Structures are given as structure tokens and as C-alpha cells.
Amino acid sequence: MSVDVLDEPTPDDARRAVAQFAELLSDFKFAGAASFSSWLAGLLSPLVKAATGNAPSPLICISASSAGAGKTLLADVICRIVTGAAVEARPYSGTGRDSAEWAKKLTAFVKAAAAISVFDNANGAIGDEGL
């Protein structure tokens, strides 16, 4: 699929672009329009960072009710569109981990300065002092 981006897109052009993404992802079972919109925000966030002075962007969570639903693949689609490369997903180990070791992993993750950072297979609450 190739997409031509106009210098001055109209609202109708934007709606057509969203429809193209909806068609591209038609095999994924989004829970509803809000879920698809969240995925779209995940795609657009890294693309607009330059226009926002490299401001922090939101954490996007891709969740599903079952394993094998395509969560990592959805993240990979975003990464391939934004960077042209496959996503580098790293495991999020959750609670009960060695905090010093986790801090080292987070530091390495941040220093890699990837356009897209993905923690895979996060179960339960996400967040700790390192994040």
C-alpha cells in the first residue's frame, strides 16, 4: 500500500485516510470505534513529535481478551509505518522483579532512543518508580 500525502489535506482527505487504515486493519477485531481511535492515536503520536517540539507523547495500551489476538502485530504495523522497520518489543516483567536490574533495562531502553518503544506481554498494573 502506498499513500500520497497532500501538502494541504482537507477534512475529507483525512477521513479517506482513516478509512484506508480501517480497511488495512479490517481483520483485527477492535472492541469499537474508541479502540480503533486509540490505535490511530498510537500511529499519529510519533509522527507529530517533530511538530510539537518533541514533547512527551502518551502511553498507548493495546489489549485483548485473549492471547494471539494480534496485539504485538498492531504495534508492529505502527512501527513499520513510522520507521520502516519491525517493532522491537521487550518484555514487561511486572511485579516481583529486581528493581536495580529493571532500572538498568529501562535505561538501556531509553538510551536506544527508538521512535517506538514497546513493552510486550504486560499483565496487571503498569507503572512503577522506574517508569
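Visitor: Why is the contact of Arg-90 with Glu-88 called a salt bridge?
Guide: The closest N and O atoms of Arg-90 and Glu-88 are 3.6 Å apart. A salt bridge needs a side-chain nitrogen of Lys or Arg within 4 Å of a carboxyl oxygen of Asp or Glu, so this pair qualifies.

Visitor: What kind of model is this, and how are its residues numbered?
Guide: The model is predicted: local features need pLDDT of at least 70 and side-chain atom pairs count only at pLDDT 80 or more, while totals for chains, interfaces and linings use all residues. Residues are numbered from 1 along each chain as its sequence is written, and side-chain values use heavy atoms, with hydrogens and water left out.

Visitor: How many salt bridges does a search of the whole structure find?
Guide: Four. One of them joins the side chains of Asp-12 and Arg-15, at 2.7 Å from N to O. Another joins Asp-76 and Arg-80, with an N to O distance of 2.7 Å.

Visitor: Where do Asp-12 and Arg-15 lie?
Guide: Both are in helix H1, three residues apart, about one turn of the helix. An α-helix has 3.6 residues a turn, so residues three or four places apart point the same way. Asp-12 is partly exposed, because its relative accessible area is 43%. Arg-15 has 54% and is therefore exposed.

Visitor: What separates Asp-76 and Arg-80 along helix H3?
Guide: They are four residues apart in H3, which means about one helical turn. Asp-76 counts as buried because its relative accessible area is 12%. Arg-80, at 45%, is partly exposed.

Visitor: What makes a run of residues a helix or a strand here?
Guide: Helices (H or I, at least four residues) and strands (E, at least two) are DSSP runs, numbered from the N terminus. The protein chain has four helices and two strands, and their order from the N terminus is α-α-α-β-α-β.

Visitor: How do you know what span H3 should have?
Guide: The expected span of a helix is 1.5 Å times one less than its number of residues. H3 has 13 residues, so it should span 18 Å, and its end C-alpha atoms are 18 Å apart, which agrees. H2 passes the check too: its 16 residues should span 22 Å, and its end C-alpha atoms lie 22 Å apart. H3 is followed by Gly-84, whose phi is positive, near 85°.

Visitor: Which residues of H3 are buried, and what covers them?
Guide: The buried residues are Leu-74, Ala-75, Asp-76, Val-77, Ile-78 and Cys-79. Their cover includes H1, H2 and S2. In H2, the buried residues include Trp-39, Leu-43 and Ser-45, and the buried residues of H2 pack against H1 and H3.

Visitor: Why is Ser-45 called buried, and what does it touch?
Guide: Ser-45 has a relative accessible area of 13%, so it counts as buried. Not counting residues up to four places away in sequence, Ser-45 touches Ser-57 and Pro-58, where contact means heavy atoms within 4.5 Å.

Visitor: What makes a region a pocket?
Guide: On a 1 Å grid over the protein atoms alone, a pocket is an open set of points with protein on both sides within 12 Å along at least five of seven lines, whereas in a cavity a 1.4 Å probe fits but cannot get out; lining residues have an atom within 4 Å of a point. The largest pocket is lined by 35 residues, with Leu-59, Ile-60, Ser-117, Val-118 and Phe-119 nearest its centre. H3 gives the most to this lining, with four residues.

Visitor: Is Asn-121 buried or exposed, and how do you know?
Guide: Asn-121 has 57% relative accessibility, so it counts as exposed. It lies in the segment after S2. Its C-alpha atom is 9.4 Å from that of Ser-63, 58 residues apart along the chain.

Terms used: Buried means under 20% relative accessible area, exposed over 50%, partly exposed in between (1.4 Å probe, protein chains only).
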